[in-house]
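Have your viewer ready and try each task before reading on.

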Amino acid sequence: MVKKPHVEYVCSECGHTALKWLGRCPDCGSWGTLEERAPRPAAGSRSGGSAGPAGAALTPTSPAKPMSRISPTASSSVATGIGELDRVLGSGIVPGSVVLLAGEPGVGKSTLLLEVAARWARQPDADGKKPRTALYVTAEESAGQVRLRAERTGAVEESLYLAAESDLDTIFGHVEQVRPSLLIVDSVQTMQAGGVDGVAGGVAQSRAVTAALTSLAKTSGIPVLLVGHVTKDGNVAGPRVLEHLVDVVLSFEGDRHSSLRMLRGMKNRFGATDEVGCFEQTSDGIREVPDPSGLFLSHRGSTPDGSAVTVAMDGVRPMLAEVQSLAVTTPAKNPRRVVTGLDANRVPMVLAVLAARVGLPTQDKDVYVATVGGVRIGEPATDLAVALATVSTIRRTALPERTVAIGEVGLAGELRRVPNLARRLAEAARLGYRAAVVPAGALDGERRPEGIAVREAATLAEAITAAGLAPKGEKKK
């Protein structure tokens, strides 16, 4: 009787190994991810268990070197020509690296990478004699569709090559013919590898395509940019192993009702992941925004009542944003609290603190609070701006011009410190703001920025007085 060879089943999501096939992985809980695989023999032994030449160690093609002898310039980054992208990547793209750009449909992933390819093709190569070559491979559109978009965005370049292919082997043939210095694949879920079971976009196909393109990048030194789809909850579609295979994972985000686009680093082997790049979607394509604060402020001659400016941190980047509040008296027993662009749980809390600790009548008013420009802020440092904007609209008194409010409001009516306050104030001073209302003691031990007057307040009531919103009969403290 012939004994059936032993096999094992490995989960493509988490790597869990089982001795028999299961519909659901017992480790990560994913369905349909266990795949059959022959077990690897132990090192130094034959399949029968005895030692011999078959288990001898292989001579490595590249011997190990002391780390001190490895040149640090071997993987120096190269600028892409788009400053906001280089900021998120860490100063540029590293030769031989694989970058996965994920985002919702229609956010502008293909337009951004087409602009990257065009600017790459405009720059000279290392010798400075001829432009660098870029190969853009698309499987979601025809070559004519990409050509029309390139004509509209001004991305038509002689050294930018375009191929509409979905077969991985054919793509490798294009790479051999063109020999590009940058390869862009749009998208990894639409490519198909020969000899691998499954449909394009499935677990096996996505993993095989990503692994093959990663191997191409490492062996040839060609940087590869991949477009990835996302699920409805915002995660990268496909097996989790895709994010482990690539070097950099970027998330391209944006509200469909706003032209603002944010590029965030989710994983970066060559730099930090707290940098954020800002772009604007226009009729002519994607335009980088080096100074996004202007998009989040209303351009009025005078400051209206119900408006306050704060400084939010997105990663390590400070950005000024305007918060507007409108309070309307209502006969309803349950007044409305409508929030746009801010934490919907914190705004009602701030309104309750205003009513209980300051005595501001908010219980009989519908309150609408929103940010300007479509920016979304989730940190508590905007609490003080929400409170001052609400006081301003109820008392029909505008805040002094060129004043920012930064601070977290506690349930006892106290103001709490926020991180990176000195950096926030420096950004406000750079944009011409001359006064700031902040929590008391928040700058202890830090250098005070020049050109901006800092007014400290321990409680919310003191902050209202410091901002000039106290009733006329009340003296300033």
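**Exercise 1.** Which residues are linked with Arg346 in a network of salt bridges?

*Solution.* Asp383, Glu408, Glu414 and Arg416 join Arg346 in that network. A salt bridge here is a side-chain nitrogen of Lys or Arg within 4 Å of a carboxyl oxygen of Asp or Glu. This is a predicted model, where local features need pLDDT of at least 70, side-chain atom pairs count only at pLDDT 80 or more, and totals for chains, interfaces and linings use all residues. Residues are numbered from 1 along each chain as its sequence is written, and side-chain values use heavy atoms, with hydrogens and water left out.

**Exercise 2.** Take aspartate 383 and arginine 346, and work out which parts of the chain the pair ties together.

*Solution.* Start with the contact: their side chains form a salt bridge at 2.5 Å, N to O. Helices (H or I, at least four residues) and strands (E, at least two) are DSSP runs, numbered from the N terminus. Finally, check the accessibility: aspartate 383 is buried at 3%, and arginine 346 is buried at 18%. Buried means under 20% relative accessible area, exposed over 50%, and partly exposed in between (1.4 Å probe, protein chains only).

**Exercise 3.** Are arginine 264 and aspartate 314 buried or partly exposed?

*Solution.* First find the salt bridge, whose closest N and O atoms are 2.4 Å apart. It links strand E10 (residues 260-268), which holds arginine 264, with strand E13 (residues 307-314), which holds aspartate 314, 50 residues apart. Arginine 264 is partly exposed at 23% relative accessibility, whereas aspartate 314 is buried at 13%.

**Exercise 4.** How many aromatic pairs does the structure hold, and what is the ring geometry?

*Solution.* There is one aromatic pair. The ring centres of phenylalanine 252 and phenylalanine 279 are 5.9 Å apart and the planes meet at 75°, so the pair is edge-to-face. For the cut-offs, rings of Phe, Tyr and Trp (its six-membered ring) pair if their centres lie within 6.5 Å; planes under 30 degrees apart count as stacked, over 60 as edge-to-face and the rest as tilted. Phenylalanine 252 lies in strand E9 (residues 248-253) and phenylalanine 279 in strand E11 (residues 276-282), so parts 27 residues apart in sequence are tied together. Both phenylalanine 252 and phenylalanine 279 are buried.
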